[in-house]
Each structure stands twice: as C-alpha cells, then as structure tokens.
Amino acid sequence: MKRKGACVAFASFEFVHRGHCKIIERMIELAKEQGLEHVVLSCPCEGEVYTTEKEKEYLMKELGVQKFISYEGRKKVDELLLYLKEELGAQVLVLEEEQEGLLELKQKAEKLGMQVEVISGICYQDRRISSEWVKEAFEANDFELVTELCGHPFITIGDEVHGKKLGRTVGMPTTNLHIYKTKKRPNSGVYATKLVLDGQKHLAATNI
C-alpha cells in the first residue's frame with residue numbers, strides 16, 4: 001500500500017509559544033487541504049531545557065497534532081531533508097521565519113520537490129514573540145508574561161514519587177513530582193498551579 005504523504009513542521013519548539021502555535025495551525029490547515037498526515041518534528045536543545053520532549057508532545061496533542069517526532073542527530077541539512085523525504089514522506093514543509101539556515105533549507109527542500117511555506121511571527125506589545133523573550137520572562141519569574149507569550153501556562157511533566165507522607169497526618173495530603181535533571185526550574189517558592197493527576201484536573205499550591 002502506498003504510504004500517505006506528510007505535511008511537516010520543523011523547529012526546536014522550545015516553550016511551544018504562540019508563534020509556534022501559528023506554525024502548527026497552518027501546518028494542520030495545509031495537511032487537511034491536501035489530504036496529508038500532519039507531523040511535528042522537534043529538534044531538541046542541548047543541555048538544560050525549558051520544555052522537555054515529553055512536554056512538547058503533550059502540548060502538540062493539545063493542539064491536535066497527529067504525530068510528534070523528537071529528531072536527534074542528523075543535524076546537517078542534507079541528512080535532515082533525506083530523513084524528511086524518505087522516512088516521513090514529506091510533501092509540504094512548514095518553517096518559522098527565524099529558522100536557522102532557513103534559506104539553504106528552503107532551497108534544497110524545493111529542489112527535492114517539497115512545497116515550503118515560511119510562517120511569519122506573532123507580535124505582542126510591538127515585539128515579536130520568540131523563545132528568547134519567553135526565557136527572559138521565565139528568568140525574571142514573570143509567569144503572567146510567560147503565559148501571555150505562550151498562550152498556556154509553563155508546564156512541567158514528571159513522575160509521581162512518594163515522600164514521608166506527613167501531609168496527610170495534618171489533613172493536607174501532598175504529592176511529589178520527580179522532575180527531569182535537564183529541566184529548568186522556576187525560582188524556589190510557592191506557586192498557584194493546575195495539577196493533572198490520573199486524568200483529573202485540580203487547582204493546587206506547588207512548592208518548588
């Protein structure tokens with residue numbers, strides 16, 4: 001059976017901010033127009049990260065993405081395009097205008113017969129939303145601005161771990177979250193949060 005082609009969005013997707021959401025929305029629109037599968041190809045950042053690949057995948061599913069792939073290795077343009085073409089069957093490639101090496105990537109993709117669409121960014125308060133700006137807000141502990149720039153609260157996904165279970169002895173049971181070592185943490189403090197546990201959503205106070 002002939003493999004169905006794909007419409008692919010490719011970027012680092014750090015924070016999955018509103019500019020990224022615009023790319024995803026356009027990718028899904030193009031995929032539906034052309035009868036293609038829509039795929040997000042994430043390029044993980046090295047070292048400490050603000051958004052893990054598992055968190056990106058969760059947010060992409062919330063946006064309605066059919067398939068999420070974390071792309072490690074093969075950083076050269078030719079190898080990347082070969083992967084897109086041969087492994088994913090990419091027919092359409094959706095990129096952000098700030099994509100590193102955009103011109104080379106676009107020219108070589110078009111030579112391979114891919115349709116390439118470059119998406120302009122979104123501005124907030126006369127400044128283009130970028131991962132760098134969200135990082136600035138994060139480092140300043142301005143999570144109201146982080147939420148404005150991303151269109152969703154800062155997210156942390158981890159495994160529940162057991163502690164000393166002292167909270168329940170005073171009528172305030174707690175749950176502990178194991179966070180990945182490479183994940184950037186907000187400053188120490190108590191935060192108003194939303195907790196998703198076993199599929200159920202709760203309002204919570206979180207101590208970091």
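This is a predicted model: local features need pLDDT of at least 70, side-chain atom pairs count only at pLDDT 80 or more; totals for chains, interfaces and linings use all residues.

Reader: How many cavities of 30 Å³ or more does the structure hold?

Author: Let's go through them by volume. With the cut-off at 30 Å³ or more, the number of cavities is two.

Reader: Which helix gives the largest share of the lining of the largest cavity?

Author: The residues lining this cavity include H17, G19, H20, I23, E96 and R128. By class, the lining has three nonpolar, five polar and four charged residues. The largest share, three residues, comes from helix α1 (residues 18-34).

Reader: And how many charged residues are in the lining of the second largest cavity?

Author: Among the residues around this one are F15, Y50, L59, V146, P153 and I155. The lining counts eight nonpolar and two polar residues, and the number of charged ones is none.

Reader: Now the pockets! Which residues lie nearest the centre of the largest pocket?

Author: This pocket has a volume of about 1700 Å³. Its lining has 39 residues, and they split into 19 nonpolar, 11 polar and nine charged. Those nearest the centre are T156, T193, K194, L195 and V196.

Reader: What element gives the most to the lining of the second largest pocket?

Author: Here the volume is about 620 Å³, and 22 residues form the lining. The one that gives the most, with three residues, is α5.

Terms used:
Residues are numbered from 1 along each chain as its sequence is written. Side-chain values use heavy atoms; hydrogens and water are left out. On a 1 Å grid over the protein atoms alone, a cavity is a set of points where a 1.4 Å probe fits but cannot get out, and a pocket is an open set with protein on both sides within 12 Å along at least five of seven lines; lining residues have an atom within 4 Å of a point. Grid points are joined across faces, edges and corners, and a volume is the space filled by probe spheres set on the points. Helices (H or I, at least four residues) and strands (E, at least two) are DSSP runs, numbered from the N terminus. Ala, Val, Leu, Ile, Met, Phe, Trp, Tyr, Cys and Pro count as nonpolar, Asp, Glu, Lys and Arg as charged, and the others, Gly among them, as polar.
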